[in-house]
Amino acid sequence: MLAYGFYYFWDPTYLLIIIAMLLSLVASAMVKSTFSKYARVRSFSNMTGAQAAEKLLHRQGIYDVRIGHIAGDLTDHYDPRNKVLNLSDSTYQSTSVAAIGVAAHECGHAIQHAKGYAPLALRGALVPAANIGSSISWPLIILGIILGVNQTLITIGIFCFSLAVLFQIVTLPVEFDASRRALNLLEADGILQQGEVKQTRKVLTAAAMTYVAGTAGAILQLLRLILLFGGRRDD
């Protein structure tokens with residue numbers, strides 16, 4: 001049994017996990033490097049991330065979203081339940097093109113919410129299933145292995161893991177659309193000049209790559225599970 005279990009965790013398909021880890025590391029390094037570079041570029045408008053966010057929301061007729069300040073760097077997010085646009089330390093009071101771009105991206109999510117953007121609603125509906133799936137998938141798979149490769153438990157575990165993967169796949173169009181809206185609004189409202197918009201696009205593109213890498217990594221993990229256990233039957 002020990003050798004049998006060892007095979008599952010150290011077989012050639014482990015290369016898929018290594019690829020996933022490398023993608024994540026490269027994407028993380030890229031976004032940190034790009035944000036750091038343009039965080040040192042002060043915007044011509046001299047607006048802070050919070051001021052830019054407020055202006056963008058009001059221009060879209062959105063007055064019921066509160067701008068909040070949270071600790072950390074690049075922890076920015078929009079909370080649709082409480083209608084709060086949370087900006088991190090590196091964004092809230094910064095006047096850089098990077099900070100304004102990140103703030104505008106979160107505004108893009110608030111605008112999606114206000115306009116009933118379908119993929120955002122779908123992502124929200126998937127949250128409970130994705131949370132449960134990511135929590136119990138591996139315990140079920142490991143328990144299935146311990147119990148002599150119980151295919152029923154393993155299959156349920158793989159299905160639960162696939163729910164988390166589905167959530168990440170649905171997240172991609174949501175994130176790309178938010179960035180598209182942000183860039184269009186920043187230029188249309190004159191918050192950033194044309195050259196600054198190009199710089200901001202680099203920041204948001206780098207940030208988007210973290211979602212792409214995360215999704216690719218999750219798909220590779222799911223593929224590995226299917227290759228290892230998908231065609232097996234209970235002994």
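Hi everyone. A salt bridge, as I use the term today, is a side-chain nitrogen of Lys or Arg within 4 Å of a carboxyl oxygen of Asp or Glu. Keep that in mind, and keep in mind too that this is a predicted model.

How many salt bridges does a search of the whole structure find? Six. The general idea is that side chains of opposite charge can pair when their charged atoms come close.

Start with Asp 189 and Arg 59. They form a salt bridge whose closest N and O atoms are 3.3 Å apart. Now find them on the chain: Asp 189 sits in the loop between α7 and α8, while Arg 59 belongs to helix α3, so this pair ties together parts that are 130 residues apart in sequence. Asp 189 is buried, at a relative accessible area of 16%, whereas Arg 59 is partly exposed at 48%.

Next, Arg 123 and Glu 175. Here the closest N and O atoms of the salt bridge are 3.1 Å apart. This pair also links distant parts of the chain, with Arg 123 in helix α6, residues 118-146, and Glu 175 in helix α7, 52 residues apart. Buried or exposed, what would you say for Arg 123? Buried, with a relative accessible area of 17%. Glu 175 is buried as well, at 5%. The cut-off I am using is under 20% for buried.

Asp 177 and Arg 180 form a salt bridge with their closest N and O atoms 2.8 Å apart. Why are they separated by about one helical turn? Because they are three residues apart in helix α7. Asp 177 is buried, at 8% relative accessible area, and Arg 180 is partly exposed, at 44%. There is one more partner to point out: Asp 177, Arg 180 and Arg 181 are linked in a network of salt bridges.

Setting aside neighbours within four places in sequence, Leu 186 is in contact with Leu 56, Ile 100, Gly 101, Ala 104, Ile 191, Leu 192 and Thr 200.

Now the sheet. It is an open sheet of three strands in the order β1-β3-β2, with mixed pairing. The edge strands are β1 and β2, each pairing on one side only. On average, neighbouring strands of this sheet are turned by 25 degrees against each other, direction ignored. Take β2 and β3: they run antiparallel and are joined by three bridges. In one of the pairings, His 77 has Asn 86 of β3 as its bridge partner.

Thr 91 is buried, with a relative accessible area of 0%. The side chains of Thr 91 and Asp 76 are joined by a polar contact of 3.0 Å. Beyond its neighbours within four places in sequence, Thr 91 is in contact with Gly 49, Ala 50, Asp 76, Ala 99, Val 102 and Ala 103.

Last stop, the backbone. Most residues other than glycine have a negative phi. Which residues here go the other way? One is Asn 46, with a positive phi of about 65 degrees. Asn 46 is placed in the loop between α2 and α3, and it is partly exposed at 37% relative accessibility. Another is Leu 74, whose phi is positive and near 60 degrees. Leu 74 is in the loop between β1 (66-69) and β2 (77-79), and it counts as partly exposed at 38%.

How values were computed
Residues are numbered from 1 along each chain as its sequence is written. This is a predicted model: local features need pLDDT of at least 70, side-chain atom pairs count only at pLDDT 80 or more; totals for chains, interfaces and linings use all residues. Side-chain values use heavy atoms; hydrogens and water are left out. Contact means heavy atoms within 4.5 Å. Helices (H or I, at least four residues) and strands (E, at least two) are DSSP runs, numbered from the N terminus. Buried means under 20% relative accessible area, exposed over 50%, partly exposed in between (1.4 Å probe, protein chains only). Two strands pair if DSSP finds at least two bridges between them. Axes are lines fitted to C-alpha atoms, for helices over the stretch in contact, and angles run from 0 to 180 degrees between N-to-C directions. A polar contact is a pair of N or O atoms within 3.5 Å; within protein, one must be able to donate a hydrogen and the other to accept it, and residues adjacent in sequence count only if both atoms are side-chain atoms.
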